Structure formats: C-alpha cells, structure tokens
Amino acid sequence: MITLENVTKIYQSSNGSVTAVDDVSLHIKEGEIFGIIGYSGAGKSSLIRMLNGLEKPTKGNVIVADRNIANIKGKELREARQEIGMIFQHFNLLWSRTVRENIAFPLEIAGVPKEQRLKRVDELIQLVGLQGRENAYPSQLSGGQKQRVGIARALANNPKVLLCDEATSALDPQTTDSILDLLVDINQRLRLTIVLITHEMHVIRKICDRVAVMENGKIVEQGEVLQVFRQP
Ligand code: ADP
Ligand code: ADP
C-alpha cells in the first residue's frame, strides 16, 4: 500500500542544512497498522508529511496506493491526497464550525452534492460515536470528542490510508485508549491501512502490527511489534 524507496529529506536553513530523513526504505502492507516510533527530532513528522505530499522528498520515491507522489503537484496531487486521510495532535478543527460542518468540509471541497453529503456525515458520526454532539462547536467538546471529529473528517472521502501524527499525545491515558480502540475498530471494519507516528511505546504496543524505530533520520530497527519490543 505504501512504499518508500531511498527517501531523503534535507532542509536548507540560514545556519546550514539538516538531514531530517536519511535514505529510508520501507514497505507498509494493505490493512496493517504500522507504527513509527522515535524521540523528538528523529524525523517522524518529516516522514509522515511526505506520505501525504505536504513535503517533497529531496531524493527517493514515495508510492502510496500505486501512485508515486514524490514529484507530482496540482490536480494530480489533490487526487492522490483523496486516498490519504490524516489526523493531528492538536486536531486542526475549524473552530467556528460545528461538528457536522467540520466533518462535511472535505466533502464540500470534493464537490459532493448536498444530499449525499448529509447522508455521509450521518454515517461518519455513527462510525466515530458522536451521536448527540452534531451541533456542538469544538470548544464545547472534550479532547477525545475533538479527535473523533478529526477521525470522521479524515475518513469522509473514503481514503485508503489514515495517517496519524501524534494523534493521542494531547489526550489523557483513558481517552488515549478509547481513541486507539476506535482506530482498531475502523482498521478492521474498513480494511483501512493506518500509519501512526508517536513517541509513546504504549501506543505501539496496544495497536500496531509492525513498527519501525527512527533515530537521527534513519530506521534503526523494524519488524513485528512483539519481536522488536520483546522482553529480555
Ligand atoms: P520528529 O517528528 O521525530 O520530532 P521532525 O521530522 O520534526 O522529527 O524533525 C527532524 C529534524 O528536522 C529536526 O532536526 C528538525 O529540527 C528538522 N526540521 C524539521 N522540519 C524542518 C523545517 N521545516 N526546516 C528546517 N528543519 C526542520
Ligand atoms: P484542548 O483543550 O484539547 O487542548 P484546545 O481547545 O486548547 O484543545 O485547542 C487546541 C489548539 O487549537 C490550540 O493550539 C489552540 O490554540 C487552538 N485553538 C483553540 N481555540 C481556537 C479558536 N477559537 N480559534 C483558533 N484556534 C483555536
């Protein structure tokens, strides 16, 4: 579903260049939950931003759902990004819009007609368990509810891949577990491929099938979670 081939990302700044991702190759299978763990500065965000085309690799190929997104732009990139949903640590919701309007937003952008949109939003609200909160504003929701809105919005256009950028890092442990349970449920029900980055071992242990450990822009170890984090 996702293949990275010798991907390098170098940022140029006034005080020189930083190699954030250093010759990374990786294969993520359809339907799996794949975790990328590492300390702050390891290159995780740069990697995940390349997976949805927000950032271009300096070198290498990024193939998502059979399409090399490394060097495409404009309409082609927008099409490719329909296959990829993303959720964020700080939710990135539209604060002046209700739950329903937030979830409908990507459908509006995709030009889905109103009737179909309303139907799809209702399905999504059921899927993430936000019944009764449709007309609330983000400021009236708990952290966990905000992330449920984020998930519903990310899934609106039926992506093949869901990218999660520290999606539970702003949540307390109990809420984290309920969001992780929801991700597993969605993974199984929709056969959705999920890639998540985190600095929390607990998150990896709880839901990931396989994991890659990042350090200084490189993947230093990868494999089945039980194997990589086996108890001595
Ligand atoms: P992580 O998500 O694991 O914390 P990042 O990908 O954010 O890692 O960062 C990896 C390295 O790249 C860090 O040294 C960071 O300072 C640098 N970096 C990230 N984004 C930029 C940018 N836009 N410009 C310059 N350097 C950056
Ligand atoms: P939580 O309570 O879960 O931490 P917050 O309500 O504090 O979530 O919001 C998370 C992020 O959204 C913060 O970075 C905050 O600055 C930003 N934010 C909150 N309210 C608004 C708003 N009305 N408009 C724009 N950004 C906002």
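1. The model is a predicted one, in which local features need pLDDT of at least 70, side-chain atom pairs count only at pLDDT 80 or more, and totals for chains, interfaces and linings use all residues. Residues are numbered from 1 along each chain as its sequence is written, chains are lettered from A and ligands numbered from 1 in the order in which they are written, and side-chain values use heavy atoms, with hydrogens and water left out.

2. Helix α3, residues 99-109, packs against helix α5, residues 143-155, at an angle of about 30°, and their axes are 7 Å apart. Helices here are DSSP runs (H or I, at least four residues), numbered from the N terminus, and axes are lines fitted to C-alpha atoms over the stretch in contact, with angles running from 0 to 180 degrees between N-to-C directions. The two helices α3 and α5 are therefore roughly parallel to each other, where angles under 35 degrees count as roughly parallel, over 145 as roughly antiparallel, 65 to 115 as roughly perpendicular and the rest as oblique.

3. On the α3 side of this pairing stand V99, N102, I103 and P106, which meet V149, A152 and R153 in α5, contact meaning heavy atoms within 4.5 Å. The residues of this contact divide into five nonpolar, one polar and one charged, with Ala, Val, Leu, Ile, Met, Phe, Trp, Tyr, Cys and Pro counted as nonpolar, Asp, Glu, Lys and Arg as charged, and the others, Gly among them, as polar.

4. Helix α5 also packs with helix α6, residues 173-190, at an angle of about 20° and with the axes 10 Å apart, and that makes α5 roughly parallel to α6. From α5, the residues G144, Q147, R148, I151 and L155 meet T175, S178, I179, L182, L183, I186 and L190 in α6, and the residues of this contact divide into seven nonpolar, four polar and one charged.

5. Helix α3 has a further pairing, with helix α4 (residues 114-128), at an angle of about 125° and with axes 10 Å apart, so α3 and α4 are oblique to each other. The contact is made by R100, I103, A104, L107 and E108 of α3 together with R117, R120, V121, D122, L124 and I125 of α4; its residues divide into six nonpolar, no polar and five charged.

6. Around ligand 1 are Y11, V18, A20, Y39, S40, G41, A42, G43, K44, S45, S46 and R49, each with a heavy atom within 4 Å of the ligand.

7. The residues around ligand 2 are F91, W95 and K146. An N or O atom in the side chain of W95 lies 3.5 Å from a nitrogen atom of ligand 2, whereas for K146 a polar side-chain atom is 2.8 Å from an oxygen atom of the ligand.

Note on methods. Polar contact = N/O pair within 3.5 Å; in protein donor to acceptor, adjacent residues only side chain to side chain.
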